[in-house]
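Here's a quick tour for a first look. Have the sequence and the 3D view open as you read.

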Amino acid sequence: MAECGKAPRTASLRHERHYFRAGCQLIVGIDEAGRGPLAGPVAAAAVALPLERRDLASALRGLRDSKEMSAAQRLPLSETVKEVASYWGVGHSDVAEIDRCGIVDATKAAMQRALDKALRGSDRAPDCLFLDYVKWPERLDIPQVSIVRGDKHSLSIACASVLAKVWRDRFMIELDDKYSEYGFAQHKGYGTAAHLAALRRFGPCAAHRRSFKPVFELIEGELQ
């Protein structure tokens with residue numbers, strides 16, 4: 001959050017401007033939310049910004065790494081991203097796919113779905129993908145730029161991080177209506193002390209990732 005009296009920081013467009021000047025007209029930033037939780041899906045978003053707009057940073061003022069923003073800040077800015085972006089899309093992988101394929105491959109599948117949704121109906125292919133310090137060898141047909149702490153240093157990636165986070169948080173809040181004993185609306189499936197205590201008391205539900213160690217160990221203990 002911004003310090004009192006100061007305008008909120010906005011993620012940089014430095015990388016986008018550099019590649020745009022080099023001829024990359026369609027740059028797609030991709031980021032995920034929910035790789036680490038013990039429950040719920042992993043989500044990803046893909047966002048292409050209109051880099052020709054000189055007021056782009058102003059239009060998205062305050063948008064940065066979603067983890068540095070409150071839910072009240074993320075929600076309106078997620079709608080702004082949808083209005084401003086040239087293309088955007090959100091994809092996810094559910095718990096069954098995570099347990100079957102592993103979190104890395106499930107995350108890549110969510111990224112692909114997000115990219116497909118973003119460019120659906122378009123005959124354009126991305127000139128470049130901006131990724132938040134991940135490698136995506138399955139899509140080496142598209143030039144990639146892996147940026148360390150990309151959601152802090154690339155506005156395209158930051159926009160994707162916000163869309164993915166908002167989508168997943170909404171999903172987990174809705175899931176709380178079905179499994180209220182776990183507190184998903186509060187911790188969003190992460191392994192907090194309250195969540196682990198609920199897991200020990202009630203056991204895992206259908207929303208839990210049974211391949212993740214704390215859940216797996218609890219199941220194994222019950223079977224012994």
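The protein chain is built with 10 helices and five strands, counted as DSSP runs (H or I of at least four residues for helices, E of at least two for strands) and numbered from the N terminus. This is a predicted model, where local features need pLDDT of at least 70, side-chain atom pairs count only at pLDDT 80 or more, and totals for chains, interfaces and linings use all residues. Residues are numbered from 1 along each chain as its sequence is written, and side-chain values use heavy atoms, with hydrogens and water left out.

## Overall shape

Of the 224 residues, 51% count as buried, meaning under 20% relative accessible area with a 1.4 Å probe, protein chains only.

Now for contacts, meaning heavy atoms within 4.5 Å. Of those between residues at least 6 apart in sequence, 67% join residues at least 24 apart.

## Inside the cores

What sits in the largest nonpolar core? It has 31 residues, and Val47, Leu49, Leu60, Leu63, Leu155 and Cys159 have the most contacts inside it. Such a core is a set of buried Ala, Val, Leu, Ile, Met, Phe, Trp, Tyr and Cys residues joined through side-chain atoms within 4.5 Å. Helix 7 gives the largest share of this core, nine residues.

Leaving out residues up to four places away in sequence, Cys159 touches Val47, Leu49, Leu60, Leu63 and Val81.

How values were computed:
Buried means under 20% relative accessible area, exposed over 50%, partly exposed in between (1.4 Å probe, protein chains only).
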